[in-house]
Amino acid sequence: MHTWLPALLAVGAAALIAAGTVLRQRASCEGGAITLVWCLGAGIALGGFGLHAAALGLGSILLVQPLVVLAVLFALPLEAWLDHRHPSRYEWAWGGALVACVGIFLLIADPREVDRRPDHALIVATIAAIIALLIVLVVIAERSSDHNRALFYGLVAGTLFGIGALLIKTVVYVALHDPLNLYARPEVYLFVVVAIGGVVAQQRSFVAGELQTSFPAMTVMEPAVSMALGVTLLGEAVVVGWWQTTVMVIVLVVMVRAVITLATLSAVRGVDTPASTAPRDSELIA
C-alpha cells in the first residue's frame, strides 16, 4: 500500500478535526450547553473521524498520527477568520516549526509495519498499566480545582482517543478482510466504550473552563499514546541509526512544544473570542 493515500486522508482528517474542535470549544465556553454550533462542530469532527479511520486502516499509526497533529495548525486560519484578525508572526513561526518537525520525522523515521507481535505478558501488562493510569487520572481530576480538573480530564480524553486510534486500525482491518464476522470482534464494542468515554472526558475538561490547559494536554496525549501502543502492541517500527535517533528525539521535543504552544493559543482565544482580547506577540514571548 502506497503511503501517499493514508497521508492525504490524515491531512484531510486534521483539517476537519480542527474545524470541529474550534466550533465545539467556543460553544462550550458559553456555559457548556449543547447548542446548534456545538452540534455543527461535532458533525464536522465526525467527518474528520471518518477520514482518520480510513487513514489508519490503510497506513501505520506512526505515519498517520503525526499528520493528524497538524489539526492545531489548521485551526489558525479558521480562528483568525472568526476573530476578524490575522495570525501573528509568533503563531506562524510555531506553525512552520510544527510542519517542519512532522516532515523531518516522517522522512527520517520511514515508519513501517514489521512481522512482529508481542507476547501475552506484554499485552496484559500494557492493558493493566493503561487502566491504572486512567483510574488515577480520573480520581485526581475529581478531587482537583477547575484548573487541574481540566488538565487531568484532558489527559484522560487524550489517552482514550489514543487507545481509540489503535482500536480503529484493528476494526478497519477486520472490516476489510472479514466483514461478516465484524460483529463478533470485541474490538468493535470496546471502541464504542472508549469513544464515549473520550467524548465525556473531553466535554468535562471543556466545561471546567480551562481550555488553555485541557486542549494542549489532550492534543499531545493522543498521538503519544497511540504511537506508543502501535509500537508495543502492533509491532510497528522505525529503522534508524544513532544519529537519526538523536535527530528524531530533538524533532519530537520541538514538535511537542509547538503543539502545546499552538493549542494553548487556540484555547485562550476560545475563552476570549473578541479580537481585542487576543494576546499580542510581545505578551506571548514574555
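Student: Which residues are buried in α3?
Tutor: In α3 they are Ile-61, Leu-62, Leu-63, Val-64, Gln-65, Pro-66, Leu-67 and Val-68. Buried means under 20% relative accessible area, exposed means over 50%, and partly exposed is in between, using a 1.4 Å probe and protein chains only. Eight of the eight residues of this helix (residues 61–68) are buried, so α3 is largely enclosed by the rest of the structure.

Student: Before we go on, what am I looking at, and how are residues numbered?
Tutor: This is a predicted model, where local features need pLDDT of at least 70, side-chain atom pairs count only at pLDDT 80 or more, and totals for chains, interfaces and linings use all residues. Residues are numbered from 1 along each chain as its sequence is written, and side-chain values use heavy atoms, with hydrogens and water left out.

Student: OK, how many helices and strands are there?
Tutor: The protein chain has 11 helices and two strands. Those are DSSP runs numbered from the N terminus: helices are H or I with at least four residues, strands are E with at least two. Starting at the N terminus, the order is α-α-α-α-α-β-α-α-α-α-β-α-α.

Student: And how much of the chain is buried?
Tutor: Buried residues account for 47% of the 286 residues.

Student: Switching topic: how many aromatic pairs are there?
Tutor: The count is one aromatic pair. Phe-49 and Phe-191 are stacked, at 5.7 Å centre to centre with 15° between the planes. The rule takes rings of Phe, Tyr and Trp (its six-membered ring) with centres within 6.5 Å; planes under 30 degrees apart are stacked, over 60 edge-to-face, and the rest tilted.

Student: Where do those two Phe residues lie?
Tutor: Phe-49 is in helix α2 (residues 36–58) and Phe-191 is in helix α8 (residues 186–207), so the pair ties together parts that are 142 residues apart in sequence.

Student: Is Phe-191 buried or exposed?
Tutor: Phe-191 is buried, at 18% relative accessible area, while Phe-49 is partly exposed at 31%.

Student: What about Glu-187, what does it touch?
Tutor: Glu-187 is also part of helix α8. Leaving out residues up to four places away in sequence, Glu-187 touches Leu-167, Thr-170 and Val-171, where contact means heavy atoms within 4.5 Å. Glu-187 counts as buried, with 18% relative accessibility.

Student: How do α6 and α7 pack?
Tutor: Helix α6 (residues 120–142) packs on α7 at about 155°, and the axes are 8 Å apart. Axes are lines fitted to C-alpha atoms, for helices over the stretch in contact, and angles run from 0 to 180 degrees between N-to-C directions. The two helices are therefore roughly antiparallel; the cut-offs are under 35 degrees for roughly parallel, over 145 for roughly antiparallel, 65 to 115 for roughly perpendicular, and oblique for the rest.

Student: What kinds of residues make that contact?
Tutor: The contact of α6 with α7 divides into 13 nonpolar, one polar and two charged residues. Here Ala, Val, Leu, Ile, Met, Phe, Trp, Tyr, Cys and Pro are nonpolar, Asp, Glu, Lys and Arg are charged, and the others, Gly among them, are polar.

Student: Which residues of α2 meet α7?
Tutor: Phe-49, Ala-53, Leu-56 and Gly-57 in α2 do, and they meet Ala-165, Ile-168, Lys-169 and Val-172 in α7. That contact has six nonpolar residues, one polar and one charged.
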